[in-house]
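Subject: Structure for you to look at

Hello,

Here is the structure I said I would pass on. Please have it open while you read the notes below it.

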2 protein chains.
Amino acid sequence: METTQIKFYYKNVMAEVLGKEYGITKGQFDELAKMTTPLIERLNSERKAGKVRYRDLPYQSDTVEDVKKIAGEVKGCENFVVLGIGGSALGNIALQTALNPYMYNLDEKQRKGPRLFVFDNVDPQQIKSFLDWAGDKLDRTIFNVISKSGRTAETAAQFLTVCGLIEQRIGKDKLKERIIATTDAKGGTLRKITKQFGFRNLQVPDGVGGRFSVLSAVGLLSAAVCGINIEQLLAGAAKMDKKVSLEDFYQNPAAVNAAINWHYYNIGKRISVMMPYSFALKDFADWYRQLWAESLGKAKDLTGSDVFVGPTPIKALGATDQHSQVQLYREGPNDKLFTFLSVQDFGTDVEIGKAPDIAPELGYLSGQKMSRLINNEKTATEYALLASKRPCLTVAFDKIDPYTVGQFIYLFETATSIAGLLFNIDAYDQPAVELGKDATLALMGNSDYAQLAEKIKPFEQMDSRFII
Amino acid sequence: METTQIKFYYKNVMAEVLGKEYGITKGQFDELAKMTTPLIERLNSERKAGKVRYRDLPYQSDTVEDVKKIAGEVKGCENFVVLGIGGSALGNIALQTALNPYMYNLDEKQRKGPRLFVFDNVDPQQIKSFLDWAGDKLDRTIFNVISKSGRTAETAAQFLTVCGLIEQRIGKDKLKERIIATTDAKGGTLRKITKQFGFRNLQVPDGVGGRFSVLSAVGLLSAAVCGINIEQLLAGAAKMDKKVSLEDFYQNPAAVNAAINWHYYNIGKRISVMMPYSFALKDFADWYRQLWAESLGKAKDLTGSDVFVGPTPIKALGATDQHSQVQLYREGPNDKLFTFLSVQDFGTDVEIGKAPDIAPELGYLSGQKMSRLINNEKTATEYALLASKRPCLTVAFDKIDPYTVGQFIYLFETATSIAGLLFNIDAYDQPAVELGKDATLALMGNSDYAQLAEKIKPFEQMDSRFII
């Protein structure tokens, strides 16, 4: 497994393919190198100074031991349920979709661990449907609640609901056995509760934001429980660490990726489409969507000036979205940069059946491998986009395995950091989400927010003049 | 059921909320009315002239009878599998997610029909995983292949593969029993095959493009098989038909919606985010994404001039994406128009458990309804977006049921037609997808496309100078 790689391919954004008007010339690329090189150096020294903590996650062997110990204890359960949202869910979902079979939850022959569910919402219909099913299986179900503070409203609501159900159905004394908490090492609401009830627990590492936390205990436990090789995942990340630390811009895929994205943003391509040609990778496009949006979407730069900056990431799926989005991608405004994810070896294949004699027009498909079809569709779509002068990047996976997935995660995390430096913004905060959180507390009747509740009132009721 | 409604709410795009710089003034709104009214009239007369065929789908009682007959024959099967892509899949998926329980496929107590699978891709890992599971259940599985022509590469590849498997595992004589074809009434590859093998079959109606076909046999069969009341669905659409045919702009929600979208596109908000606060409605955001992108993303207007126009639709999900996208939505470029979908009555609810005494900071959640939480989160997020001067529309569902879902579908289809007239483009074609289709045929070795294959060659191999 250790030889599989991902490759970053950027020819199809260059002027030699797209022409000078739409592509990046050699001169522009060298300018980007000049601009970006000092930022790689800056990131490397900030990292050495302990200010970029996610960069050290591939080397946390203590965490791996802790995770494996707990995973070993619980992996005999039937159902493993993650309660978390945002960075406490997207990575878990992405790892599962990427590295376990499509029918994992439905086909016990295809799985090496319990069924996995990740609840990252507070939808009453969805949760009710799940609890109706799981209600009589609670003694075979483990819940992993993930929250650094324990105060995230959605996660807290789910956690309290599940605790209530466990108490009611199988008894309060079972809480300790059914719940694993992944939370702050020392303080906070969930740590407090964990101590009182004696939950098994893991740590959300200090200084690592949710969206950079997939390689910590946050993402690793559910993966390990479901049979994913987490050492290989971290080894892949460590391998990529070497590449993305290189201070030679031209050899550093994170730097080149960040610089190309920044360049195109500045010339008006403010939408960044990630389009895997692989169902398994589709939820990594969703993971990337949080990473990119929350890190780079900022009103102020580091000098405090208003900038209202940030590319809008879009998740798409090949070949499916050829029949949904490609019409727009080719003929709509030329305002998008495309990043394809492609897979050379799917590790398995399907042979397409023989066309009936009556339909010779389908003969070109007879007996072909399905992998050839999907990969040709990627090439074909990229060709069509290039014909319309749309820039295209590709991340090519030799194979989808923990080792390449680890590389991918670390590549895009580091690219996000470098892009943050190019945009000159703080890539690690998320100040704009606070108002919505406070407003929710106010609307739920939390008396500390009574003043805000008053302010919201005029917006709360629909005004009949504007209803059709 | 017949009294449930959806309401279109547009106050939070108006200047009285957002101010004159960001909102629509009364004067501007009246201008939009003046511009749009003749287009409503034009659409109505085109419809009367038989040129807007999807508008008549709510009244196809013959189709309903045909669909119900076949559904009645097969609904005892264990698994129902749709083979289709784009418009032959998105509507089916959206109806299922909206109108059946979250655990439908996993919990037999929660379903009134067979498990449903919709394959809209040619991913070898995904299909292999499914066929490994389904291979010994083929005699309890029905496949509904949906393609107007039968030549769509992805659908044809799946169909041939499934036929091959059925022949091999349970015998060629079972094809007739296991396959239902939904295809062109008279001609085309799939109709030809259907006749030869004697498949049960339904019609893709003439003059209705894939993305407008959910209310035809294309979308109705899988829905009916899975216990969805398709008469109510069509009754809802028919109810909305009355509203969206009104030539008084101010009373017509499709016209007002189209006009607001067009207005904001023209002043630089080229991204249109649809964000349901309901897991059940999330796949309707994906359905909308095709409808909007493929209909409005056009290089040329009706006079043949280059325009490269079209809003980019984005699907998001509340409350989940508050922890992923809202940072960007509030602080990034003010280039988006938001359309929330909200649900007043979820038809069920979950009571949040009691916070432990040690965590009084979670007390505000104790014993609350989860529906109240998710709806307050919508209000809170909208409030925060308005504070950042971002325009917000809402489609409010009294309840999610076939009657309101039918209304929703018809509202957005008609809004798409009117938006097409405002943009002065052909909303019903998709010329840009042809090159990619041809390129796929060329790459698969179809000899009719040998010349194109030569042209693609230079792009096919990765150029090592641009790989990191």
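Leu341(A) has Val395(A) as its bridge partner in strand 12 of chain A. The model in which this pair is found is a predicted one. The two strands concerned, strand 11 (residues 336-345) and strand 12 (residues 392-399) of chain A, run parallel and are joined by 7 bridges.

Both belong to an open sheet of 5 strands in chain A, ordered 1-12-11-7-10, in which the pairing is mixed. Strand 1 (6-9) and strand 10 (312-315) of chain A are the edges; each has a single partner strand, so one side of each lacks a neighbour in the sheet. On average, and ignoring direction, neighbouring strands of this sheet are turned by 20° against each other.

Helix 11 (residues 253-266) of chain A lies across strand 1, strand 7 (271-276), strand 11 and strand 12 of chain A, and runs at about 35° to strand 1 of chain A. Helix 12 (residues 282-296) of chain A also packs on the sheet, where it touches strand 7 and strand 10 of chain A. The direction of helix 12 makes about 170° with that of strand 10 of chain A.

Chain A has another sheet to look at. It is open, consists of 5 strands in the order 3-2-4-5-6, and has parallel pairing. Its edges are strand 3 (115-119) and strand 6 (200-204) of chain A; each pairs with a single strand, so one side of each is left without a neighbour in the sheet. From one strand to the next, the twist averages 20°.

How much of strand 4 of chain A is buried? Of its 6 residues, 5 are buried, so that the strand is mostly covered.

On domains, the assignment for chain A gives domain 1 (6-49 + 233-423) and domain 2 (76-226). Their centres, taken over C-alpha atoms, are separated by 31 Å. Where they meet, 19 residues of domain 1 are in contact with 14 residues of domain 2 of chain A. On the domain 1 side, helix 10 (230-244), helix 12 and helix 15 (402-423) of chain A each supply at least two residues. Helix 12 of chain A, already mentioned for its packing on the sheet, gives the most to this side, with 9 residues. By class, the domain 1 side has 12 nonpolar, 2 polar and 5 charged residues.

Next, the two chains. How many residues of chain A are in contact with chain B? There are 126 of them, and they contact 125 residues of chain B. Helix 14 (residues 370-387) of chain A makes up the largest share of the chain A side, with 13 residues. That side divides into 66 nonpolar, 37 polar and 23 charged residues.

One last residue. Ser388(A) sits in the loop between helix 14 and strand 12 of chain A. Ser388(A) is 127 residues from Asn261(A) in sequence, and their C-alpha atoms are 19 Å apart in space.

Regards

Notes:
Residues numbered from 1 in each chain as written. Chains lettered and ligands numbered in written order. Predicted model: local features only at pLDDT ≥ 70, side-chain atom pairs only at ≥ 80, totals over all residues. Pairing = 2+ DSSP bridges. Helix = DSSP H or I, 4+ residues; strand = E, 2+ residues; numbered from the N terminus. Axes fitted to C-alpha atoms, helices over the stretch in contact; angles between N-to-C directions. Contact = placed C-beta atoms within 7 Å. Nonpolar A, V, L, I, M, F, W, Y, C, P; charged D, E, K, R; others polar. Domains from an automatic or database assignment. Buried ≥ 20, exposed ≤ 12 C-beta atoms within 10 Å, placed from the backbone.
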